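Biologist: Can you put the model up on the screen? I would like to go through it piece by piece.
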Amino acid sequence: MNLKDGILLFAKGIAMGAADVVPGVSGGTIAFITGIYERLIGAIKNIPANVPLFFKGQFKSFWKEIDGTFLVCLVAGIATSLFSLAHLMTYLLDHQPVLLWSFFFGLVLASTVFVGKDVAWNWKTALTFVVFTLLAFFITSPENTPLNSTNAYWYIFLCGAIAICAMILPGISGSFILVLLGQYYFILGALKELDVPVLLVFLAGALIGIVSFSHILSWLFKHVKMLTLAALTGFMFGSLNKIWPWKEVLQTYTDSEGVSKALTERNLSPLQFETINGTDNQLAAAIAWMLIGFCLIFTIEFINKKMKQRAGKRHTADNQ
């Protein structure tokens with residue numbers, strides 16, 4: 001892997017991390033639309049089976065088998081984004097929620113179109129799409145009440161294992177799962193304050209969860225790829241329920257810093273939002289940000305295609 005490829009992977013990691021900070025958007029969606037999803041799943045799946053190579057001192061073979069350079073560049077980008085953008089995303093969620101959700105709404109809607117166009121549609125894939133759309137719709141309902149949680153280490157470990165599975169599923173947000181589990185703001189606070197013990201326990205759970213779940217996803221892509229793509233498309237389409245920009249807060253709670261946060265919400269039309277909340281619905285700006293998010297996906301796809309074409313031409317020239 002050359003320096004240019006490494007920088008590009010780092011940038012994709014940053015985009016994945018930024019998406020995962022927002023409760024309602026999945027880093028898996030970003031991985032999918034940037035063309036690295038199956039490679040990521042395969043690399044993670046290969047780690048446990050090749051650990052013996054590491055302990056035998058066969059470091060080069062171990063690194064190659066787990067696609068180590070790929071993982072390091074990607075994880076470095078994700079980590080950089082999580083630590084650097086946590087404050088920014090928190091600020092935008094508090095001060096410009098309509099515009100932030102609008103951007104991600106356009107992003108996920110375009111991602112649904114992007115993934116769906118690769119599905120060989122028939123009654124089986126259509127039924128799978130409908131089932132997983134409904135499943136995602138109910139899971140991601142903003143009216144769902146979070147669990148009464150504990151900050152005990154065992155629960156933080158469990159939350160890490162569950163949330164990471166959602167993070168690598170396009171459409172299901174790991175951050176939103178943390179909200180439902182009652183741990184989103186606690187973990188976000190740990191990130192901002194660099195609470196090392198909490199972060200290590202959470203990461204340990206995430207590591208166990210992602211390695212286990214990657215085996216399942218890898219098997220699904222290998223044996224029932226079209227149904228899997230249809231399911232992922234449904235996940236993304238159904239998750240639009242959560243990231244609809246205009247909401248009414250139904251219940252609130254006070255976080256550890258004494259700030260009131262939304263606990264449950266319901267979706268509104270832009271007109272209802274203005275009437276009920278008594279604030280500007282920012283409709284024109286919201287539509288603009290939706291279009292920016294929508295167009296960004298196809299811009300990324302266009303760039304990926306061009307890069308693959310250039311790589312293919314270089315490979316052909318090298319073999320001549």
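Biologist: Which residues do ring pairs link into a cluster with F54?
Modeller: Ring pairs link F54 with F55, F59 and F62. Rings of Phe, Tyr and Trp (its six-membered ring) pair if their centres lie within 6.5 Å; planes under 30 degrees apart count as stacked, over 60 as edge-to-face and the rest as tilted.

Biologist: How many aromatic pairs does the structure hold?
Modeller: It holds 13 aromatic pairs. In one of them, the ring centres of W244 and W246 are 5.2 Å apart and the planes are at 65°, so this pair is edge-to-face.

Biologist: And is W246 buried or exposed?
Modeller: W246 is buried, at 2% relative accessible area. W244 is partly exposed, at 25%. Buried means under 20% relative accessible area, exposed over 50%, and partly exposed in between, with a 1.4 Å probe and protein chains only.

Biologist: Before we go on, what are the ground rules?
Modeller: This is a predicted model, where local features need pLDDT of at least 70 and side-chain atom pairs count only at pLDDT 80 or more, while totals for chains, interfaces and linings use all residues. Residues are numbered from 1 along each chain as its sequence is written, and side-chain values use heavy atoms, leaving out hydrogens and water.

Biologist: New topic. How many helices and strands are in the chain?
Modeller: The chain has 14 helices and 2 strands. Helices (H or I, at least four residues) and strands (E, at least two) are DSSP runs, numbered from the N terminus.

Biologist: How many residues of α12 are buried?
Modeller: In α12, 11 of the 15 residues are buried, including L229, L232 and M236. What covers the buried residues includes α2 (27-33), α3 (37-55), α6 (97-116), α7 and α11 (196-223).

Biologist: Where do the axes of α7 and α12 come, and at what angle do they cross?
Modeller: The axes of α7 (residues 123-139) and α12 (residues 225-239) come within 7 Å and cross at roughly 35°. Axes are lines fitted to C-alpha atoms, for helices over the stretch in contact, and angles run from 0 to 180 degrees between N-to-C directions.

Biologist: Which residues of α7 meet α12?
Modeller: Among them are F129, F132 and F137 of α7, and the α12 side includes L227, F235 and F237. Contact means heavy atoms within 4.5 Å.

Biologist: What about the chain as a whole?
Modeller: Buried residues make up 47% of its 320 residues.
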